[in-house]
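Let's take a walk through a protein together, one stop at a time. Have the sequence and the 3D view ready, and follow along as each part comes up.

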Amino acid sequence: AGTFRFAPHQIFYLLVFLFIIISPVVVAYALGYTINLHGSISKVGGIFVKSSEGELSIYLNDEFQKKTSLLSNGALLTGLASGNYSLHIEKEDFRSWIKDVKVEAGLVTEIRDILLVPDPIYLISATTEEAVLLSLAEQKTKDYQLNRRGDLLDLRESSGANSPPKTIATKIKFFKEVGGRVFLVSQQGFLAEFGPLDNSLETIGRLGFFIDERPFKFSAAGAYVFIIDSAGGGYLLENNKLKNAFHSEILWAYLDTKESKILLVRKNGLEVVWLADNPRQPFQKKGEQETVFSSQNSIKDARWFFGDNQHIVIQTDKDVLLISAKKGEDNPLVLVPKKVESINTLPDLPEKIFIKKEGINYKIEL
């Protein structure tokens, strides 16, 4: 039997025909459409998954999809019909991560900063070096002293009776050294900053503080300072100018190391205030404030997990939890199912969470 061969012009026409047939499919797929088995066209979406861990197994509605890339630790799921999905992440020796994800037509839902927790979780005694760092972080300043008359004294160059301490300011109610800066609150409610290097004293202003015997709390990072007055009212300053004030009952406030957001800790909930536009989904704007956690149990403290600045460690009166800083990102994960004395995280040891029980410092490494 002879061999059938296409003439050159026939090959050309065949390629043109295939191009005409395939092009609409390719274009439709690029625009987020798919053609189902019945020949109808519908617009679809996708899910992008990103984690610090590699080789994660990804499931949708209990069906395996793929593993994340070894190089990027990410994976893209495409061609998904609009609707709600149960996203399930698995990795050996880690706890399962589950989240309900909504897929919208023509959009890719990003699930980034997935933090997997080891299973089981071990509490390991902190090393001597770690205990020293914790002690330094909690240590009160020894360079300045407030006497009973309200005089703030500079002890840095004092050497006893022959060299009495220099008075920095009078009629001071509270002071705090934080981030290499010294802030003062006068008995009349004025805020000032003392410059340790040049001994300067700058009056910032009267911000409307409520003052009684309950001490003020201060936190600072870069250009930002957050002050909590005696009633739990919060005051956010940027370059020593008041940017925002918050209603009362704030227990603690912590800035993340990227200076992009601040964590407000209340007795029964946590709020995140954005200090810069978030370039990732869900694209929060600077100044936006959102509640990320509510609890029936009393919250004692909460700290940023500095490993990614996207998760929060919470101490309640019953346990220690880990949550995402993104609203509705995942369910709280129990790290310690018992009451503890305190929690702490340190920017210098970003992957570690410190727990104090019975006077002993332990750590959890993530």
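Of this protein's 366 residues, 42% count as buried, where buried means under 20% relative accessible area, exposed means over 50%, and partly exposed lies in between (1.4 Å probe, protein chains only). Keep in mind that this is a predicted model, in which local features need pLDDT of at least 70 and side-chain atom pairs count only at pLDDT 80 or more, while totals for chains, interfaces and linings use all residues. Residues are numbered from 1 along each chain as its sequence is written, and side-chain values use heavy atoms, with hydrogens and water left out.

The fold contains 2 helices and 32 strands; helices (H or I, at least four residues) and strands (E, at least two) are DSSP runs, numbered from the N terminus.

Next, look inside. Which residues have the most contacts inside the largest nonpolar core? They are Ile47, Leu87 and Ile89, in a core of 18 residues. A nonpolar core is a set of buried Ala, Val, Leu, Ile, Met, Phe, Trp, Tyr and Cys residues joined through side-chain atoms within 4.5 Å. Several strands supply at least two residues each to this core, including S3 (45–51), S7 (83–90) and S9 (108–114). Leu87 itself touches, among others, Val49, Ile58, Trp97 and Ile111, when residues up to four places away in sequence are not counted. Apart from this core lies another, of 17 residues, among them Tyr254, Leu270, Trp274 and Ile314.

Leu237 and Val225 are 12 residues apart in sequence, yet their C-alpha atoms are 5.1 Å apart in space. Leaving aside neighbours within four places in sequence, the contacts of Leu237 include Leu191, Ile204, Tyr224 and Val225.

Now for the empty space. Rolling a probe the size of a water molecule over the atoms shows where such space is left. The largest pocket holds about 1500 Å³. On a 1 Å grid over the protein atoms alone, a pocket is an open set of points, where a 1.4 Å probe fits, with protein on both sides within 12 Å along at least five of seven lines; lining residues have an atom within 4 Å of a point. Grid points are joined across faces, edges and corners, and the volume is the space filled by probe spheres set on the points. Of the 42 lining residues, the closest to the pocket's centre are Ala137, Lys176, Val178, Phe218 and Tyr254. Helix H2 (128–138) and strand S14 (172–178) are among the elements giving two or more residues to the lining.

Finally, consider charge. Side chains of opposite charge can pair when their charged atoms come close. The structure has 15 salt bridges, each a side-chain nitrogen of Lys or Arg within 4 Å of a carboxyl oxygen of Asp or Glu. Arg149 pairs with Asp151 at 3.0 Å between the closest N and O atoms; Arg149 is exposed at 63%, whereas Asp151 is buried at 11%. Arg266 and Glu271 also form a salt bridge (3.0 Å, N to O), with Arg266 buried at 9% and Glu271 buried at 12%. Elsewhere, salt bridges that share partners join Glu130, Lys352, Lys363 and Glu365 into one network.

How values were computed:
Contact = heavy atoms within 4.5 Å.
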